[in-house]
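Open the model in your viewer and switch to a cartoon view. The stops below say what to select and what is there.

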Amino acid sequence: MSKKSTIKKRFIIEGAIALFIAISPLVFYSYKYLPPDATTWTFLGIEFKENDFGLISTAFYYYFSKLVPFLLLVIWFVTSKNWWYHAILIPIAMYSFQLYSVLNYSSKKVDENEILYVIAVTMVVVPIVYFIRLKLVDKHVHGIDLEAMDTELQILKEKEELRKEREKLEERQKTLSKKM
């Protein structure tokens with residue numbers, strides 16, 4: 001692929017992401033502009049139903065209150081270059097489980113049992129993020145090089161062993177000189 005087409009493709013992708021971020025408040029509040037007492041709504045030939053929420057505007061309120069933050073967090077996760085970006089997986093998991101429960105609203109419960117799933121995701125993500133943080137802080141903030149420390153400790157152990165051996169030899173030499 002040529003450099004110009006790569007730049008053009010990247011420009012289009014980044015432009016679409018920027019456009020979505022810019023219109024996300026409009027998408028989030030678009031449920032207010034749906035018919036107030038409708039139970040179905042047709043848009044571009046697709047018929048949307050109220051999905052046991054009572055009104056189509058209520059259903060879309062729940063859909064967009066989960067979908068828009070979810071998509072913004074996914075964009076943040078994908079475009080982030082910080083060391084802690086894995087921590088963004090926790091709210092992404094939370095919104096994805098909530099979105100799933102809203103789309104499958106037959107249980108009549110929204111935002112109640114997702115915490116159990118999010119805790120499971122958190123138990124995996126937090127140790128990974130903490131381990132990465134620990135390694136980075138040790139190396140870059142405190143200037144601790146773990147490999148150099150291991151080498152130093154090995155040298156110190158060897159010196160200590162040599163010192164003990166020398167003391168033993170000196171003791172043997174003293175005892176031999178006393179015997180003579």
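**Whole chain.** Keep in mind that this is a predicted model. Colour by secondary structure: the chain has five helices and two strands. Read from the N terminus, the order of elements is α-β-β-α-α-α-α. Of the 180 residues, 19% count as buried.

**Helices α2 and α3.** Select residues 56–79 for α2 and residues 89–103 for α3. Their axes lie 9 Å apart and meet at an angle of about 150°. Angles over 145 degrees count as roughly antiparallel, and α2 and α3 are therefore roughly antiparallel to each other. The crossing of this pair is left-handed.

**Phe28.** Next, go to helix α1, residues 3–28, and pick Phe28. Its relative accessibility is 23%, so Phe28 counts as partly exposed; the cut-off for buried is under 20%.

Move on to helix α4, residues 114–141, where Ile119 is found. Ile119 counts as partly exposed because its relative accessibility is 42%, and exposed would need over 50%. Which residues form a nonpolar patch on the surface with Ile119? Select Ile115, Leu116 and Met123 along with Ile119 and show the surface: these four make up the patch. Together they have about 440 Å² of accessible area.

Conventions: Residues numbered from 1 in each chain as written. Predicted model: local features only at pLDDT ≥ 70, side-chain atom pairs only at ≥ 80, totals over all residues. Heavy atoms only, no water. Patch = residues over 30% accessible without salt bridge, like charges linked within 9 Å, V, L, I, M, F, W, Y side chains within 5 Å. Areas by Shrake-Rupley, 256 points an atom, 1.4 Å probe, with all protein chains shown as cover. Salt bridge = Lys/Arg side-chain N within 4 Å of Asp/Glu carboxyl O. Helix = DSSP H or I, 4+ residues; strand = E, 2+ residues; numbered from the N terminus. Buried < 20%, exposed > 50% of the residue type's maximum accessible area, 1.4 Å probe, protein only. Axes fitted to C-alpha atoms, helices over the stretch in contact; angles between N-to-C directions. Parallel < 35°, antiparallel > 145°, perpendicular 65-115°, else oblique. Left-handed = near helix turned anticlockwise from the far one by under 90°.
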